[in-house]
Amino acid sequence: MAFTIRQLQFFVAVAEQGTVSGAAQNLSISQSSVTESIKELESDLGVELFERHPRGLNITHKGHQFLRHATKILADVSDARRSFSSEQAVAGGRLQLGVTSLVAGYVLSDLLARYRRAYPGVEVSAIEDNGDYLEHLLVGGKLDIAVMVTSNLRDRTALQSEILEVSAYRLWVPLSHRLASADIISIGDIASEPLIMLTVDEIEENTGKLLSAIGARPHVAFRTRSVEAVRSLVATGAGVALLPDLVYRPWSLEGDRIESRDISGSLPVVQVGTVWRRGSGLPQAARDFIGLAQSQRMVRR
């Protein structure tokens, strides 16, 4: 029996929510329907997609590999439907994109791949830089649009934005860490832990604010601009990390497991979105990009 689009939708929802109940609520269907669908999908593929535990589900290594295929299939289905609901640009044009480091590989890559398939005649150029510089380029008309962290947008009078994704901060720990099995984790629990600090966008600033709120100073063991370096260092026990769920993956490049845990209390969130100059006459290529980004957000929902 071949798997269905509906099973893929259920699988992606469970992978994103971490629980059958959360996926069922998000999809507005019964938990039993989700559970049965996942079992049928696992039987069809011949692999275990999730590890069951009392607090929910952990996606397995094979499940994580299949997740990328599933999300791509759903995006392709959305593109196929969209091709009949609106006229695609066939004449070409040019799109100048900017992207910040944090979202380059986690939001833009899939979005840009979909855009290139939908509008093959458009010439796309993209640059990666920090948020302040991208804002400068947008205001100056050097970029048509940027995909970036919008929660710390500086010039809101000159720039317009639309949120694509909201991601909460969570704690990353190695599988053997004492907090990996804790039922409740507070900011105070990690105050004395060595931190692996990601130094892109607003991550270091937000982490410092969280700890200073309880009178603690960050005990930084390592600073890096590489998310993969953070993964490897956390997985091997060099420290813990506070990062938005957007960039979480359960394995390091070396194949070591990383656990992600909720932290009690009020934590900041990272908002990622598209940004363009307010009041500017956007070229058709940029308007099409915004429209496709909006459709991708609906697919993720």
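The briefing below takes helix packing and then the cavity.

This is a predicted model, in which local features need pLDDT of at least 70 and side-chain atom pairs count only at pLDDT 80 or more, while totals for chains, interfaces and linings use all residues. Residues are numbered from 1 along each chain as its sequence is written, and side-chain values use heavy atoms, with hydrogens and water left out.

**Terms for the helices**

- Helices (H or I, at least four residues) and strands (E, at least two) are DSSP runs numbered from the N terminus, and contact means heavy atoms within 4.5 Å.
- Axes are lines fitted to C-alpha atoms, for helices over the stretch in contact, and angles run from 0 to 180 degrees between N-to-C directions.
- Angles under 35 degrees count as roughly parallel, over 145 as roughly antiparallel, 65 to 115 as roughly perpendicular and the rest as oblique.
- Ala, Val, Leu, Ile, Met, Phe, Trp, Tyr, Cys and Pro count as nonpolar, Asp, Glu, Lys and Arg as charged, and the others, Gly among them, as polar.

**H1 with H3**

- Helix H1 (residues 5-17) packs against H3 at an angle of about 105°, with the axes 9 Å apart, which makes H1 roughly perpendicular to H3.
- Gln7, Phe10, Phe11 and Val14 of H1 meet Ser33, Val34, Ser37, Ile38, Glu40 and Leu41 of H3, a contact that divides into 6 nonpolar, 3 polar and 1 charged residues.

**H2 with H3**

- Helix H2 (residues 20-27) and helix H3 (residues 31-45) pack at an angle of about 115°, and their axes lie 8 Å apart; H2 and H3 are therefore roughly perpendicular to each other.
- On the H2 side the contact is made by Val20, Ser21, Ala23 and Ala24, and on the H3 side by Gln31, Val34 and Thr35, giving 4 nonpolar, 3 polar and no charged residues.

**H1 with H2**

- The axes of H1 and H2 come within 8 Å and cross at roughly 120°, so the two helices are oblique to each other.
- Phe10, Ala13, Val14 and Gln17 of H1 touch Gly22, Ala23, Asn26 and Leu27 of H2, and these residues divide into 5 nonpolar, 3 polar and no charged.

**The cavity**

- A cavity is a set of points, on a 1 Å grid over the protein atoms alone, where a 1.4 Å probe fits but cannot get out, and lining residues have an atom within 4 Å of a point.
- The count comes to 1 cavity of 30 Å³ or more, and the largest cavity has a volume of about 30 Å³, a volume being the space filled by probe spheres set on the points.
- Its lining consists of Leu195, Ile196, Met197, Leu198, Ile203, Thr207, Leu242 and Leu243, with two or more residues given by each of strand E7 (195-198), helix H7 (203-212) and strand E9 (241-244).
- Strand E7 supplies the largest share of that lining, 4 residues, and by class the lining has 7 nonpolar, 1 polar and no charged residues.

Key. 1 Å grid on protein atoms, 1.4 Å probe; cavity = no way out; pocket = protein on both sides within 12 Å on 5 of 7 lines; lining within 4 Å.
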